[in-house]
Amino acid sequence: MIDLHLHTNHSDGTDTVAELLEKAEQLKLEIISITDHDTVDAYKELENREIRNKFSGKILSGVEIKAIYDNHNIEVLGYGIDPNIIKIYKCDNLQEKILEHFKQVADRYEIKYDKNLQLNKDKNRIWASFTFAENILQNKQNLLKLEELGEKELTEANFFRKCESNCNSIFCFDASKYIRDIKDVINDIHNAGGLAFFAHAYEYRFEDTKKEIENIIKTTSIDGFECQHSIYSEEQKKEIIQLCKKYNKYMSGGSDYHAKNKPDIKIGTGKNNNLHLEKEFVENWIKLLPKI
């Protein structure tokens, strides 16, 4: 069993690299990939043999990079990249800018929040979406107001996807000034020796996901798609697998594990044991890439 979508506290997970490796070892996974958001710092830790030896399986280098596709905030997974070469562009104080945007929206719609609210200093909680959602969702009046505004069933974990990255949300943040186009991100992954995969296609707010997948295939040099993921229904899995086979694209998969920040998702098995990814599913491309 393998898992190619895991997060540590170098981005928005809560496990350290060592803790993640220990859990993967307990589950006897064969291959894993740490795919933190816009950072490869976990791989610097893996240079420490004491940490690396906590997991006896193989590790495929990885990263999950934010990108813009047709005005949508999406992510691209890069596998087999050289951590020393991959280009990751970061905007200084971007999360502070996003938090300020959330506050301005809240003022406009009379949503109550702590006026002194700042980003959480904990390493894995510095994301504006977590900080803001944690603050406003504790207020019952806010919940009623948000329901009236069409912002329903919000949690700290889903605020980024349902609000910050959703063009139909009042909280939508235009990241096009700060995040690169999908084609540029794919090129960066290729230039670092890796393969580029479109992450969790059904998590975005596309009107027609199948149509968008086909458009991405036709207009970019994407290598493959994440075909197994904790949020996918069986129908979605079948649809995206069929599309990859039709267009001869590689298939990947993973739980998208974040530990305490997404407690319902487990390493290797996803949500309610809906993930069971065998090495054979990815063997045609993973054998082409170096392992750590």
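Helices (H or I, at least four residues) and strands (E, at least two) are DSSP runs, numbered from the N terminus. The model is predicted, with residues numbered from 1 along each chain as its sequence is written, and local features need pLDDT of at least 70, while side-chain atom pairs count only at pLDDT 80 or more. Totals for chains, interfaces and linings use all residues, and side-chain values use heavy atoms, with hydrogens and water left out.

**Figure 1. The whole chain.** The chain holds eleven helices and ten strands. Its radius of gyration is 19 Å, close to the 19 Å that the globule rule gives for 292 residues, so the chain is as compact as a globular protein of that length. That radius is taken over C-alpha atoms, and the rule is 2.2 Å times the number of residues to the power 0.38. The C-alpha trace spans about 55 × 45 × 35 Å along its principal axes. Of the 292 residues, 57% are buried; buried means under 20% relative accessible area, exposed means over 50%, and partly exposed lies in between (1.4 Å probe, protein chains only). Contact means heavy atoms within 4.5 Å. Of the contacts between residues at least 6 apart in sequence, 71% join residues at least 24 apart.

**Figure 2. Surface and charges of the chain.** The chain has 42 positive and 50 negative charges, and their mean positions are 1 Å apart. Lys and Arg count as positive and Asp and Glu as negative, while His and the chain ends are not counted. Each charge is placed at NZ of Lys, CZ of Arg, CG of Asp or CD of Glu.

Figure 3. Helix H1 covers residues 17-26, and its buried residues are Val-17, Ala-18, Leu-20, Leu-21 and Ala-24. These residues cover an arc of only 160 degrees around the axis, which puts them on the same side of H1. The arc is that of the directions from the helix axis to the C-beta atoms. The partners of the buried residues of H1 are strand S1 (2-6), strand S2 (31-34), helix H2 (42-45), helix H3 (49-52) and strand S3 (58-59). After H1 comes Lys-28, with a positive phi near 60 degrees.

**Figure 4. Thr-8, between S1 and H1.** Thr-8 is placed in the loop between S1 and H1. Its relative accessible area is 0%, so Thr-8 is buried. Beyond its neighbours within four places in sequence, Thr-8 contacts Gly-13, Thr-14, Asp-15, Thr-16, Val-17, Leu-20, Ile-34, Asp-36 and Ala-42.

**Figure 5. Two loop residues with positive phi.** Most residues other than glycine have a negative phi. Asp-38 is not a glycine, yet its phi is positive, about 55 degrees. Asp-38 sits in the loop between S2 and H2. Its relative accessibility is 11%, so Asp-38 counts as buried. Ala-259 also has a positive phi, near 60 degrees. Its loop runs between strand S8 (250-254) and strand S9 (265-266). Ala-259 is buried because its relative accessible area is 8%.

**Figure 6. Helix H8 and Thr-209 of helix H9.** Helix H8 (residues 182-191) has the buried residues Ile-182, Val-185, Ile-186, Asp-188 and Ile-189. Seen down the axis of H8, they fall within an arc of 160 degrees, so they line one face of the helix. The buried residues of H8 pack against strand S4 (62-69), strand S5 (72-79), strand S6 (195-198) and helix H9 (209-219). Thr-209 is found in H9. With a relative accessible area of 12%, Thr-209 is buried. Apart from neighbours within four places in sequence, Thr-209 is in contact with Ala-201 and Tyr-202.

**Figure 7. The loop between S10 and H11.** This loop joins strand S10 (270-271) to helix H11 (283-286) and contains Asn-272. Asn-272 has a relative accessible area of 72% and is therefore exposed. Its C-alpha atom is 13 Å from that of Tyr-257, which is 15 residues away along the chain. Lys-279 lies in the loop between S10 and H11 too. Lys-279 counts as partly exposed, at 26% relative accessibility. Leaving aside neighbours within four places in sequence, Lys-279 contacts Ile-2, Glu-30 and Ile-31. The C-alpha atoms of Lys-279 and His-101 are 43 Å apart, with the two residues 178 apart along the chain.
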